[in-house]
Amino acid sequence: MSAITYREALRQALDEALGKDERVFLMGEDVGRYGGTYAVSKGLLEKYGPERVRDTPLSELGFTGAGIGAALGGMRPIVEVMTVNFSLLALDQIVNSAALLRHMSGGQFSVPLVVRMATGAGRQLAAQHSHSLEGWYGHIPGIRIVAPATVEDARGMLAAALADPDPVLLFEYPALFETKGEVSGEKVDIASSKVRREGGRVTIVTYGGCLPKALKAAEEVDGEVIDLRVLRPLDLAPVLESVKKTRRCVVVDEGWRSGGLAAEVMARLMEQAFYELDAPVARVCSEEVPVPYAKHLEEAALPQPEKIVAAVKGLFA
Amino acid sequence: MKVPPPPAGKVKLPAKLSLALLADMLRIRRMEEKCAELYGQQKIRGFLHLYIGEEAVAAGAMRALEPEDNIVATYREHGHALLRGVSMDAIMAEMYGKQEGCSRGRGGSMHLFDAQTRFYGGNAIVAGGLPLAAGLALAAKLQKEKRVTACFFGEGAVAEGAFHESMNLAALWGLPVAYLCENNLYAMGTALERSEAQTDLCVKAASYGMATLKVDGMDVVAVHEAARRAREHAAKKGPIFVEFQTYRFRAHSMFDPELYREKSEVEAWKTRGPIHTFTARLKAQGDLTEERFLELDAAAQAEVDEAVAFAEAGTWEPAEHLTADVYTPQ
Ligand SMILES: Cc1ncc(C[n+]2csc(CCOP(=O)(O)OP(=O)(O)O)c2C)c(N)n1
C-alpha cells in the first residue's frame, strides 16, 4: 500500500475506468487539452485520445444531456461539470431527464451515467464558486449521490458508480485534493455509511469536505465520527447503532441549514431513535449567506472544528 | 495559427481623446501587473483573471458610453470597472477583501459591483450576464429611459444556451443593448475552433436578426469608433452584437499552466500589443512625446501605489456582520 493524494486517487480511478471498458468516455469543459480544471484528468488525453477524453464547449445543459443520450445508447459516459455551481445550467437534464427516465418509461430505460463535479468552499473563490448543493440533489429520487471524503473512496467510488445502472452524481472536494491517504485497491461500495473514528460521548455525522473538521473536533470531545459517503439513498444504520451507545448526536453539513441534508438526518433520528437520545440532535451547518470572498468571512460562514466542539458541549449543558 | 498584422490606424482621433485612451490602457495595465505581484504575495486570493493584452476593448468602449448607461461584465472585469469610474482604491481594496472595497470584500476580483456607476457586476457564471443585460435593457425601454446597456463577455459564452436565448429576446423585443464580445480565442484552454462549428461569431448573432460589427480589438481607435456606432445603434434602432478580436497575454487565471497554446503564438500577438502599438502611432502622428508618455505612465503607477496603500490600510468587515444584506433591511 502506498499513500497518494485525493487528486491522484481520482485520476487513477478515471484512468482505470477508461482502460477497462471501451464504453467509458470522459467529457466536459477543459478535461483534455487544459488538463482538467483541477488537474484531475491530466495526462489522460495523451493516453486515450480526444474521442474518449472529449473537450466540450461551454454548454453544460447540452453536454450533460448528450451524456444521458449516450448512456441510453449503450455507452458509459462520465460527464464532468467543473463545479456544482455550473451544474445548475444542466439542472433540467439531470432532474427532468436523467432522474426520471427509468420510472417514467415504466422501467424500460435506465441511464447509466456518472456526473462528476467539484463542490464546497474554503479557497476564497466567493459565492459563485463555493456552494455545497449536493444535499439539494439528494432531494431527487432516481439519482444516487456519492461524496468521497477519503482517498480510498476517491479511488474506489468511480468504479462503483460506473457499475451502477442508474445515474450517479459523484461530488469531489477540492478542499481535500491535497490530502494524502493509503489506497488498498479493494472495491468500495456506494451504499453504506462508515464509522471513521470510534468514540464514546457523542456521535458526529458528516460527509465530504467536513470530515477532517469533524475528526479534529472529535479528538477533543471523544466523538464517534460517521461519514455518510452516500447522500442518496441515505444509510443511517451505523448512526442509529452509534447513537444507542452515545445517546447524543451532532450533524455537520457544509450546506445551508434550512431544508438541508442535516435536517433530513435529524428528522430520521427523530423518527427512529427518539427514545435513544438524551438530548436534542444538534447541527452545525453553513451560515445562511452566500459564501463571501474575504478569508475571515468565509471561515465564519463555514462549519469549523470549534463550532462542532461548541455544539457538542451544548448537548451536555 | 495566423496572427493578423498590426493595427492599421487609418482613423485619427483628436489628440486629447487619444491621450486619454492611452492613459486608460496604462491605468489598467499597471494596476493588473501589480495585482499579479500581490497575488504572488497572497494579498489577493481566490481566482484572479487578468485582462492584460485586451485593454483596448474596455478603453475604447467605455469612452463611447454615457454615464446613464448600464454595464454588465464578467469575472475578467477589473479594467471595465476602473474605466467606468470605480476608483482604483475601491477595486484594490475589494481584491484584498477589505470592507472599503466596492463590494465590501464579499465579492473579490470576480464580483466587482458599483451602483453609482451602474456597474452591474462581475459575473463568474459564463454567459450569466447576458440575460441580465437583456432585462436591464427591457426595463430601460419600458420606462422610456435613454440608457443603453453594454454587456461584455468572452467568446466562450456563445456556446451557452443563455447566449442564444438572450440574442433572440434582445432582437425580438428590439432592446437597447450592445453585446460586446471579447474574442480572445480561448475559453480557458479551449480554442474557438475546437468548440464551435461556426467560428464566425457575427454569423451567429446575425441569425437572430441582430446587427453586427467585427472589429480589431487590439486597435483602441477602431474599438472606440465601433463602440460609438454600436451605442448609437442600440439607442436608436435596437440590439447590436460586436465582436472585438483580441488576445489575452497572460494565463486564463493564476492556476493555468497554458498547455494549450504555443509560446510563439503569444509572442506573435504581443507584437500587436494595444499599448505599445498605439504609443508608436501617436508618436508618429506627432500627438505624443516620450516625455508625455512617461508622465502618463508615472501617473498610472502613482495611482496604483496609492490604491495599494489604501487597500493595505483598509479594514476587515467584522464577522458579526456576516449575515447582513442577505435580505434587504425593511
Ligand atoms: C457556466 C460556467 N461554466 C464554466 C465556467 C468555468 N470557466 C470560467 S472562465 C471560463 C472560460 C470562459 O471563456 P470566455 O468566455 O472566452 O472568456 P475569457 O475567460 O476568455 O475572457 C470557464 C470555462 C464558468 N465560470 N461558468
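Modeller: A nitrogen atom of the ligand is 2.8 Å from a polar backbone atom of B:A124, and a nitrogen atom of the ligand also lies 3.0 Å from a polar backbone atom of B:V126. An oxygen atom of the ligand, in turn, is 2.8 Å from a polar backbone atom of B:G156. Taken alone, the ligand exposes 580 Å², and the protein buries 97% of that; accessible areas come from the Shrake-Rupley method with a 1.4 Å probe, and for residues only the protein chains shown count as cover.

Before going on, please keep in mind that this is a predicted model, in which local features need pLDDT of at least 70 and side-chain atom pairs count only at pLDDT 80 or more, while totals for chains, interfaces and linings use all residues. Residues are numbered from 1 along each chain as its sequence is written, chains are lettered from A and ligands numbered from 1 in the order in which they are written, and side-chain values use heavy atoms, with hydrogens and water left out.

The ligand lies between chains A and B.

Turning to the chains themselves, 41 residues of chain B are in contact with 30 residues of chain A, contact meaning heavy atoms within 4.5 Å. The area buried between chain B and chain A is about 3,000 Å², of which carbon and sulfur atoms give 64%; buried area is the accessible area (1.4 Å probe) that two parts lose on being put together, summed over both.

Across this interface the rule finds 1 salt bridge, that is, a side-chain nitrogen of Lys or Arg within 4 Å of a carboxyl oxygen of Asp or Glu. The side chains of B:R194 and A:D55 meet in a salt bridge, with 2.5 Å from N to O. Side chains of opposite charge can pair when their charged atoms come close.

Conventions
A residue is near a molecule or strand if one of its heavy atoms lies within 4 Å of it. A polar contact is a pair of N or O atoms within 3.5 Å; within protein, one must be able to donate a hydrogen and the other to accept it, and residues adjacent in sequence count only if both atoms are side-chain atoms.
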